[in-house]
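Here is a friendly walk through one model, with the structure open beside the text. Keep the viewer at hand and follow along.

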Amino acid sequence: MASTEPWLMENGIVKVLSKEIRHGRTAHNMSSSSLRKKSDLTLVSKIRFPCLRRCLANIQEVILGTKLSVLFPAIPLAIIGQCFGFAEPWVFALSLLGLTPLAERVSFLTEQIAFYTGPTVGGLLNATCGNATELIIAIFALYGRKIDVVKYSLLGSILSNLLLVLGTSLFCGGIANLRKEQKYDRKQADVNSLLLLLALLCHMLPLLFKYAAASSDITAKATLQLSRASSIVMLIGYFAYLVFQLWTHREFFEAQEDSEDDDDVTEETPVIGFWSGFAWLVGMTAIIALLSEFVVGTIEDASNSWGISVSFISIILLPIVGNAAEHAGAIIFAFKNKLDISLGVALGSATQIAVFVVSIY
């Protein structure tokens with residue numbers, strides 16, 4: 001048995017890995033899975049035509065396989081509203097609601113693809129698509145020369161993960177488990193904390209250099225060069241972090257379950273094929289890009305109509321709504337006393353945005 005079972009050494013003791021590690025499920029995948037529901041394929045399986053049966057089964061698994069499926073009608077409504085000239089605030093609100101289930105489904109699809117590609121490629125794909133919503137919104141805002149929206153949305157994503165999600169998870173987990181000791185993996189938390197510290201230093205260095213001079217005009221060019229050098233350092237640190245996470249020390253970042261839970265859980269299998277998952281992932285990414293364009297184009301009109309500043313919408317609303325499923329999952333797992341998953345979501349997302357996404361822009 002031990003010859004084929006995945007294992008690792010911890011403090012000199014052989015530790016068997018759970019099925020989540022063997023399939024490469026990260027904390028992000030585990031948090032989003034809390035909002036999924038099992039599809040009943042009884043009616044679909046009775047269809048005589050194989051192609052139609054597979055197509056309907058895929059639609060049921062991808063579209064109806066989440067508790068957030070009630071928000072999918074917001075997507076066509078947002079597109080119709082944009083095409084027929086509905087009020088801009090309505091288009092903005094519908095686009096935000098449509099982004100919520102799409103972000104959760106992207107996590108589901110990357111997990112399905114990981115069944116076929118292996119945990120390393122699956123983890124790399126999950127790391128790339130983990131904050132796709134923020135990344136695409138920032139791209140369209142930068143293309144539209146809305147620099148303030150870029151800065152505020154990325155800052156809001158970091159703050160929402162570190163303050164709102166992490167704080168709520170710790171508070172709710174502590175209240176729900178008053179008589180239990182909450183434990184977490186310090187190694188994983190240390191890696192993310194040090195990367196966040198690196199990002200802080202790289203962000204502050206050009207700022208301090210700019211204000212150190214008597215006139216900002218004198219140091220403008222040097223500050224720009226220093227900022228680019230800091231971005232390169234952060235990118236190198238992020239790619240080294242990926243190697244550390246996906247190859248050399250993968251076991252530190254994998255979502256693990258308690259041993260007593262493993263006895264009751266059957267081995268998971270993919271519910272859709274590789275090419276089906278890939279096609280769905282491309283299609284949903286394209287829809288995220290379309291809705292993100294609507295959000296960026298209508299954010300100012302929504303701000304004027306609602307009497308709320310663009311900075312508030314960018315810092316508060318965009319990060320919370322864009323990753324609502326992932327954030328809710330982190331809090332749910334904190335209630336279940338699985339603090340490693342909550343920390344992996346909050347610290348992992350904040351690290352990716354601070355070190356990788358910000359350095360690109």
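## Salt bridges

Helix H9 holds both Arg186 and Asp190, which sit four residues apart, about one turn of the helix. Helices here, like strands, are DSSP runs numbered from the N terminus (H or I, at least four residues, for a helix; E, at least two, for a strand). The two side chains meet in a salt bridge, with N to O at 3.4 Å; the term stands for a side-chain nitrogen of Lys or Arg within 4 Å of a carboxyl oxygen of Asp or Glu. Arg186 counts as exposed at 61% relative accessibility, while Asp190 is partly exposed at 35%. For these labels, buried means under 20% relative accessible area, exposed means over 50%, and partly exposed is in between (1.4 Å probe, protein chains only). A word on the numbers: this is a predicted model, in which local features need pLDDT of at least 70 and side-chain atom pairs count only at pLDDT 80 or more, while totals for chains, interfaces and linings use all residues. Residues are numbered from 1 along each chain as its sequence is written, and side-chain values use heavy atoms, leaving out hydrogens and water.

How many salt bridges does a search of the whole structure find? It finds three. Another of them joins Lys151 to Asp148, with the closest N and O atoms 3.8 Å apart. These residues are three apart in helix H8, so about one helical turn separates them. An α-helix has 3.6 residues a turn, so residues three or four places apart point the same way. Lys151, at 49% relative accessibility, is partly exposed, and so is Asp148, at 41%.

Then there is the pair Arg105 and Glu104, whose side chains meet in a salt bridge at 2.8 Å, N to O. Is this pair buried or exposed? Arg105 is buried, at 0% relative accessibility, and Glu104 is buried as well, at 1%.

## Helix H9 along its length

Helix H9 covers residues 186-212, 27 residues in total, and reaches 37 Å from its first C-alpha to its last. That is close to the 39 Å expected at 1.5 Å a residue, the expected span being 1.5 Å times one less than the number of residues. Where does H9 kink? A kink of about 25° lies at Met204, shortly before the proline Pro206. The bend is the angle between axes fitted to the seven residues ending at a residue and the seven starting there.

Pro206 is also one of the buried residues of H9, which include Gln188, Asn192, Leu195, Leu196 and Cys202. Among the elements covering the buried residues of H9 are helix H8 (147-176), helix H10 (220-248) and H15, with contact taken as heavy atoms within 4.5 Å.

## The largest nonpolar core

The largest nonpolar core has 63 residues, and those touching the most other members are Phe92, Leu96, Leu99, Leu102, Leu109, Leu291 and Leu318. Helix H15 (residues 339-360) gives the most to this core, with 11 residues. Such a core is a set of buried Ala, Val, Leu, Ile, Met, Phe, Trp, Tyr and Cys residues joined through side-chain atoms within 4.5 Å.

Setting aside neighbours within four places in sequence, Leu102 is in contact with Phe72, Ile75, Met284, Ile287, Ile288 and Leu291.

Helix H7 has 12 residues and reaches 16 Å from first C-alpha to last, close to the expected 16 Å. Its buried residues include Glu134, Leu135, Ile136 and Ile137. Just after H7, Arg145 takes a positive phi of about 60°. Arg145 is found in the loop between H7 (132-143) and H8, and is exposed, with a relative accessible area of 74%.

Asn337 also has a positive phi, of about 65°, although it is not a glycine. Asn337 lies in the loop between helix H14 (324-335) and H15 and is partly exposed at 22% relative accessibility.

Ser309 is in the loop between helix H12 (274-306) and helix H13 (310-322), and is partly exposed at 38%. The side chain of Ser309 makes a polar contact with that of Ser311 at 3.1 Å. A polar contact is a pair of N or O atoms within 3.5 Å; within protein, one must be able to donate a hydrogen and the other to accept it, and residues adjacent in sequence count only if both atoms are side-chain atoms.
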